[in-house]
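Take a look at it before reading on.

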Amino acid sequence: RAALRCDALGRWVVHVIRTIMRVLLTGGMGFIGSHTAVSLLEAGHEPILYDNLSNADRSVVDRIGRITGHTPTFIEGDIRDGALLKQVLRNEHIEAVIHFAGLKAVGESVGKPLEYFDNNVSGTIKLLEAMRSVGVKRLIFSSSSTVYGTPQHLPLTEAEPTGEATNPYGRTKIHIEEILADLCRSDSEWSVVCLRYFNPIGAHPSGLIGEDPNGIPNNLLPYIARVASGRLPYLNVFGNDYDTPDGTGVRDFIHVVDLAQGHTDALPYAVSHTGWIAVNLGCGRGYSVLEVVKAFEDASGRRIPLHFAPRRAGDIAANWCDPTLALKLFGWKAKFGIEDMCRDSWHFESLLKTECETR
Ligand code: NAD
Ligand code: UFG
């Protein structure tokens, strides 16, 4: 019986050692990366954050430490610096990479296509070269529902065609997905999971990490939050003549904490499979701009003044996904609803405003 107990203990130790992984998070100090770092730490993994701080603040690493009780290693660096990447992959004994780093503002990408292709596409190639040279061949990539372009069918499944993005940012995601697919075809040792995010919003319930864009926000939730807190006077609703129930745009909003968990849940799949796969991460239902405004008003107790404005160039009417593949492959499903997303966004915004005022 003692031998059996020893054997079970041994298997348990092997299981724990095997499942705890050292994971490099490029762009790990950003909105989604920082929440994923929290999720990985809570699952017992060891994330190492690599970020050039072009869109993140140094304080994020301590905030992650305050949430989880473990401050992860942070290395300041650019993904286009292949030599540094190689050194980090080797010295930190990295077993898998989650690749968030990149530029993400759709409107800005129209005016700065070369910066977007350099950062996102060339940066990814540098990362892949560094990974190949040290033999790390497991990657989870931050893709986007933008790769589907204008949906032909809803909900969107991964079988829908891609390749019709309406802006350079979206094209970088399509190019990267294709490069990754070619890489997997060329070398059967690679394991690549492209996670196609729908619309991540919300913040960590602690209010310590969230999304605080520089300047005027482009995206709906950060804009609404600033209107609610009085930092902006009103929300422009871009278009109320879409073919949707209330005429405003419809999106599949997903709590960033759920999205982060999707990466942690995808990791065992990346370890136990090779080849390329794309998987949607969304809630599987759409909310209109006006429904989100109402949910935010309820969560914050503040009124959001509205101005109806023309449609925004490049916007689609509606998209939401079929998230069943993520459930089937990773056992992942979003847990939080729109009320939770608005509540946590508002909590983060309120703390941020207090912080700004006391500075
Ligand atoms: P973010 O800007 O908050 O995070 C990206 C991080 O990457 C930032 O911390 C930035 O400093 C860093 N970075 C940028 N260029 C870098 C470089 N060359 N080298 C090293 N670090 C660099 O953005 P996010 O919302 O957390 O998005 C993460 C990823 O998810 C991005 O690839 C984005 O395109 C993708 N994505 C985001 C959304 C969204 O709505 N937030 C939707 C779909 C896909
Ligand atoms: N909207 C407004 N007013 C605003 C901002 C947005 O009415 O001030 C509307 C938009 O017109 C759209 C909806 O709110 O109908 C959502 O817009 P967002 O800018 O928040 O999000 P998008 O769906 O346009 O795009 C976001 C990211 C992309 C990503 C995509 C899918 O910005 O990078 O989600 O993940 F690719």
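What follows covers aromatic pairs, a pair of packed helices and one serine.

This is a predicted model, in which local features need pLDDT of at least 70 and side-chain atom pairs count only at pLDDT 80 or more, while totals for chains, interfaces and linings use all residues. Residues are numbered from 1 along each chain as its sequence is written, and side-chain values use heavy atoms, with hydrogens and water left out.

**Ring pairs**

Rings of Phe, Tyr and Trp (its six-membered ring) pair if their centres lie within 6.5 Å; planes under 30 degrees apart are stacked, over 60 edge-to-face, and the rest tilted. By that rule the count is 3 aromatic pairs. Two of them are tabulated here, including their geometry.

| Pair | Centre distance | Plane angle | Kind |
|---|---|---|---|
| Tyr 148 and Phe 198 | 6.4 Å | 35° | tilted |
| Phe 296 and Trp 346 | 6.1 Å | 85° | edge-to-face |

Tyr 148 sits in the loop between strand E5 (138-144) and helix H7 (168-186), and Phe 198 in the loop between strands E6 (191-197) and E7 (199-201), so this pair links parts of the chain 50 residues apart. Helices here are DSSP runs of H or I with at least four residues, strands are runs of E with at least two, and numbering starts at the N terminus. Buried or exposed? Tyr 148 is buried at 3% relative accessibility, and Phe 198 is buried at 4% (buried is under 20% relative accessible area, exposed over 50%, partly exposed in between, with a 1.4 Å probe and protein chains only).

**Helices H10 and H12**

Phe 296 belongs to helix H10 (residues 289-300) and Trp 346 to helix H12 (residues 338-358), so their pair also ties together parts 50 residues apart in sequence. Both Phe 296 and Trp 346 are buried.

The helices H10 and H12 pack at about 55°, with axes 9 Å apart. Axes are lines fitted to C-alpha atoms over the stretch in contact, and angles run from 0 to 180 degrees between N-to-C directions. H10 and H12 are therefore oblique (under 35 degrees is roughly parallel, over 145 roughly antiparallel, 65 to 115 roughly perpendicular, the rest oblique). Residues of H10 that meet H12 include Val 292, Ala 295 and Phe 296; on the H12 side, Cys 342 and Trp 346 are among them.

**Around Ser 145**

Ser 145 is in the loop between E5 and H7 and is buried, at 8% relative accessible area. Leaving out residues up to four places away in sequence, Ser 145 touches Arg 196, Tyr 197, Phe 198 and Asn 319, where contact means heavy atoms within 4.5 Å.

Methods: Chains are lettered from A and ligands numbered from 1 in the order in which they are written.
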